[in-house]
Amino acid sequence: MTYAEAVARILALRGGERVGMRPGLERIEALLDAIGRPEQTFTIAQVGGTNGKGSISAMLAAILQAAGHRVGLYTSPHLCHYRERIRVDGRPISEADFVDGVEALGTLIARLDVTVFEAGTALALDHFCRERVDVAVLEVGLGGRLDATTVGRPRVAVIGPIDYDHQHELGDTLALIATEKAAIIRSGVAVSARQDPEAALVIARRAAEVGVPLLREGRELRVAPLGFTLEAQRLDLHGPGWRMSDVACGLLGVYQPSNALLAAAAARELGADEPAIRDGLRGARWPGRFQIFRRDPLVVLDGAHNPAGARALAASLRAYFPGRSVTFVVGVLADKDAAGILAALRPLAARFVLTAPANPRAAAPAALRPLLPADAPADVARSVPDALGRALAASPGGIVCVAGSLSLIGDVLASSGDRQDVLFTAGARC
């Protein structure tokens, strides 16, 4: 079996490239039983929430690696290649190991009728076991209560900000969404971002019900931003009995200080010391999240794919580039709240260039145009390269910001042609 054939076999499963959600954890549990319960061979840190969970996971993994651990990191979706989802010490699983993993799952994935995400999760956990990782950081795919990553007994569960997304699967109120996401709290210690009161109440109730200590931003945990450049931002971090002053964080954006605080607090619960936390936060990389892709002309990439993410992006652009005009290149998946995303970006936009990522779920660019006011300057581009070209031509001296979908960000990174295996370490391109 070739690597391409192995990826095709995974993606051909139920749910396709979409992270599907079917009630119950029976399939992933049966699959893990059949391959020897790999998740029992290492410590688990599970990271959920609506926005920021990928950034938190990346920072937590970087800290734990700086602390001397061998670290597995499982995230989704990928930007350019499926192998990005499964990494050990920052390096994606090799093509050979990916093929071996798919072959090891063999007929189980078909017999158990698992989804693509369930198969990918089992493959990741099995790979981490084979690679003898000490700790695995698992980013929740969708929700939490019924997500395939909700296996084993996590030493720490982290919940990033909860907002509206995937309402069809999770519910149409913050309380219902929070109930699904808070279910990852079941052992160890829980760490939560500052939440809307409705979501905060659900999280506190869940932690009390299962007897898990809860550390909350704004109460037990605090962060104070000190300033930023285009290389890093400086933070003061506080927790019960500890304080770290003037910590450098390599991830930019006004939403990252909170994520850095949660990663640091979770890492402390896993035994990381202050030097490791400082090194990890300074060196962490997570492409496509307020990423400065080019300096001249200035191009920013941000995968903001829901209204909350778009509002955070707009706030970051205002803070980092006050008064600068912005041309947005926007491509959105059809099941997302495109109107809410565009509305959040509209006050900053000098122009929109609407396009579609190379994803079968992408919304047609022409369908996005009616969501903008008739007098809003907007072009429809036939491809991502065409969209970038139009945006750069339309904004001399301004900023081009690509947003609306991680698939779109992946297309931009892939078009740059650099090696994918350095994407999350030394490089910034696929």
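Is E131 buried, partly exposed or exposed? E131 is partly exposed, with a relative accessible area of 27%. Here buried means under 20% relative accessible area, exposed means over 50%, and partly exposed lies in between (1.4 Å probe, protein chains only).

The model is predicted: local features need pLDDT of at least 70, side-chain atom pairs count only at pLDDT 80 or more, and totals for chains, interfaces and linings use all residues. Residues are numbered from 1 along each chain as its sequence is written, and side-chain values use heavy atoms, without hydrogens and water.

The average pLDDT (the predictor's confidence in each residue, from 0 to 100) is 93, and 94% of the residues score at least 70. Residues 418-423 fall below 50; this stretch has 21 contacts (heavy atoms within 4.5 Å) beyond near neighbours in sequence. Where pLDDT is low, the predicted coordinates should not be read in detail.

The whole structure holds 20 salt bridges, each a side-chain nitrogen of Lys or Arg within 4 Å of a carboxyl oxygen of Asp or Glu. E131 pairs with R70, with the closest N and O atoms 2.6 Å apart. This pair links distant parts of the chain, 61 residues apart. R70 sits in the loop between helix 3 (53-66) and strand 2 (71-74), and E131 in the loop between helix 6 (116-130) and strand 5 (135-139). Helices (H or I, at least four residues) and strands (E, at least two) are DSSP runs, numbered from the N terminus. R70 is partly exposed at 29%.

R216 and E220 also form a salt bridge, at 2.7 Å from N to O. Shared partners join E29, D33, R37 and E39 into one salt-bridge network.
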